[in-house]
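Please keep the sequence and model open while reading.

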Amino acid sequence: MYLVTIALLVIIVDQMTKHFVAAHFCVGESIPVISDFFHWTYILNSGAAFGIFEGRRWLFIIIAVVVISVMLLFYRDIRAGDKTLQLGVALFAGGAIGNLIDRMVIGLVIDFFDFRIWPVFNVADIAICIGIGLIIWSIIKTEYAVGRNA
């Protein structure tokens with residue numbers, strides 16, 4: 001239940017922030033929060049991270065569905081893993097589903113965090129990146145522990 005709750009929280013926060021931006025900004029509009037450092041900038045992204053593979057909507061939908069299906073298939077194994085792995089998978093799944101919803105409903109992903117030195121991103125992207133980092137950290141910890149015990 002812990003994994004599902006975290007994933008749902010990510011999805012809810014992601015979708016609420018995207019809805020707020022879409023309701024209060026025009027596409028392309030940018031509002032400085034901290035001048036020359038951080039802006040709220042409403043863009044629609046047809047690609048993956050950093051806009052790569054633009055216009056491949058169905059590819060991203062298929063990949064997201066496959067990845068989420070694999071996570072569900074291994075749900076029991078994930079629940080048996082350490083808390084770092086569980087949190088990583090929950091964040092990754094929530095972020096993947098958040099961006100999948102955008103691709104399914106509007107065909108594009110809403111991005112709005114703009115640090116000016118980095119491509120514009122959203123809450124789901126943050127969850128995906130942190131989730132992947134935690135999954136990698138969990139794997140490294142596990143492999144290190146196995147190596148020490150061998």
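## Ala48

Ala48 is in contact (heavy atoms within 4.5 Å) with Phe60 and Arg103, leaving aside its neighbours within four places in sequence. Ala48 sits in the loop between strand E2 (38–45) and H2; helices (H or I, at least four residues) and strands (E, at least two) are DSSP runs numbered from the N terminus.

## Basis of the model

The model is predicted: local features need pLDDT of at least 70 and side-chain atom pairs pLDDT 80 or more, while totals for chains, interfaces and linings use all residues. Residues are numbered from 1 along each chain as its sequence is written, and side-chain values use heavy atoms, with hydrogens and water left out.

## Helices H2 and H4

Helix H2 (residues 57–73) and helix H4 (residues 83–105) have axes that come within 10 Å and cross at roughly 145°. Axes are lines fitted to C-alpha atoms over the stretch in contact, with angles from 0 to 180 degrees between N-to-C directions.

On the H2 side, the residues that meet H4 include Phe60, Ile61 and Met71; on the H4 side they include Phe92, Leu100 and Arg103. By class, this contact has 14 nonpolar, no polar and 2 charged residues. Here Ala, Val, Leu, Ile, Met, Phe, Trp, Tyr, Cys and Pro count as nonpolar, Asp, Glu, Lys and Arg as charged, and the others, Gly among them, as polar.

## Asp102

Asp102 is in helix H4. A polar atom of the Asp102 side chain lies 3.0 Å from the backbone nitrogen of Ile110. Not counting residues up to four places away in sequence, Asp102 touches Gln15, Lys18, Gly107, Leu108, Val109 and Ile110.

Terms used
Polar contact = N/O pair within 3.5 Å; in protein donor to acceptor, adjacent residues only side chain to side chain.
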